[in-house]
Amino acid sequence: MSEEKKSFEGGCTCGHVRYEMHSEPLIVHGCHCTWCQRQTGASFAVNALIEEDRVVVTKGEVNEILVQSPGGSGQRIARCPRCQVALWSNYLVIGDLVRFVRVGTLDDSANFPPDVHIYTKTKHPWVILPPDTPSVETYYDVNTTWRPESIERRKVQREAAQG
């Protein structure tokens, strides 16, 4: 099966919202920043970055709320209007090009472990990171961290956005 034909389903806790991701993510982050800790109520967030047009709501609708982000531009978090589960977010600095899908809302979330752990300088000391998964104190260089296929998808997406 080619990457473009893969589909992964997910949804909120109450079942009001269902969605599909129509390919593998570009990359999966384990983010340990204090903002993610606070906004998720967990020790870190796991986000699958994927092109916005590859995420399709198949049932229900989402409410988007604007919240602050460390960079100051903010992010829109898509939530179920009934159970309030956060399904994904879009950082305004990136625009609508990439969604940060909350991996825990995917039906098969165990299939998407982090490719990289970011902002580890603020991770909890009791969180033990896998030694074979890259980790960085803050952020990373996309060109040396992403898979070549993901870099190519990003290039195609940016060219399409520029018209």
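**Cores, strands and a buried histidine**

Reply: In this predicted model, the largest nonpolar core has 17 residues, of which Y19, M21, V55, W88, V101 and F112 touch the most other members. At least two residues of this core come from each of strand 2 (18-21), strand 4 (45-51) and strand 8 (86-91). A second, separate core of 15 residues includes C33, C36, V116 and W146.

Me: What makes such a set of residues a nonpolar core?

Reply: Its members must be buried residues of the nonpolar kinds, joined through side-chain atoms within 4.5 Å. Y19, M21, V55, W88, V101 and F112 are among the members of the largest one. In soluble globular proteins, nonpolar side chains tend to be buried together.

Me: Why is H29 called buried?

Reply: H29 has 2% relative accessibility, and buried means under 20%; H29 therefore counts as buried. H29 is part of strand 3 (residues 27-31). Residues that H29 touches, leaving aside those up to four places away in sequence, include F100, V116 and Y140.

Me: What makes the pair of H29 and Y140 a polar contact?

Reply: The side chains of H29 and Y140 make this contact at 2.5 Å. The cut-off for a pair of N or O atoms is 3.5 Å, so a pair at 2.5 Å lies within it.

Me: How do you know that strand 9 is mostly covered?

Reply: In strand 9 (residues 98-102), 5 of its 5 residues are buried. V98, F100 and R102 point one way and R99 and V101 the other way, and all are buried.

Me: Why are strand 4 and strand 9 said to pair?

Reply: Pairing requires at least two bridges. Strand 4 and strand 9 have 5 bridges in the antiparallel sense, so they meet the criterion. N47 stands opposite R102 in strand 9.

Me: How do you know that strand 8 and strand 9 pair?

Reply: These strands have 2 bridges, also antiparallel, and at least two are required, so strand 8 and strand 9 pair. Here W88 stands opposite V101. Their hairpin has 6 residues between the strands, and G95 takes a positive phi near 85° there.

Me: What makes strand 1 and strand 5 edge strands?

Reply: They belong to an open sheet of 3 strands in the order 1-2-5, with antiparallel pairing. Strand 1 (8-11) and strand 5 (55-59) each pair on one side only. Strand 2 and strand 5 pair over 4 bridges, and in strand 5 the bridge partner of M21 is V55.

Note on methods
Residues numbered from 1 in each chain as written. Predicted model: local features only at pLDDT ≥ 70, side-chain atom pairs only at ≥ 80, totals over all residues. Heavy atoms only, no water. Buried < 20%, exposed > 50% of the residue type's maximum accessible area, 1.4 Å probe, protein only. Polar contact = N/O pair within 3.5 Å; in protein donor to acceptor, adjacent residues only side chain to side chain. Contact = heavy atoms within 4.5 Å.
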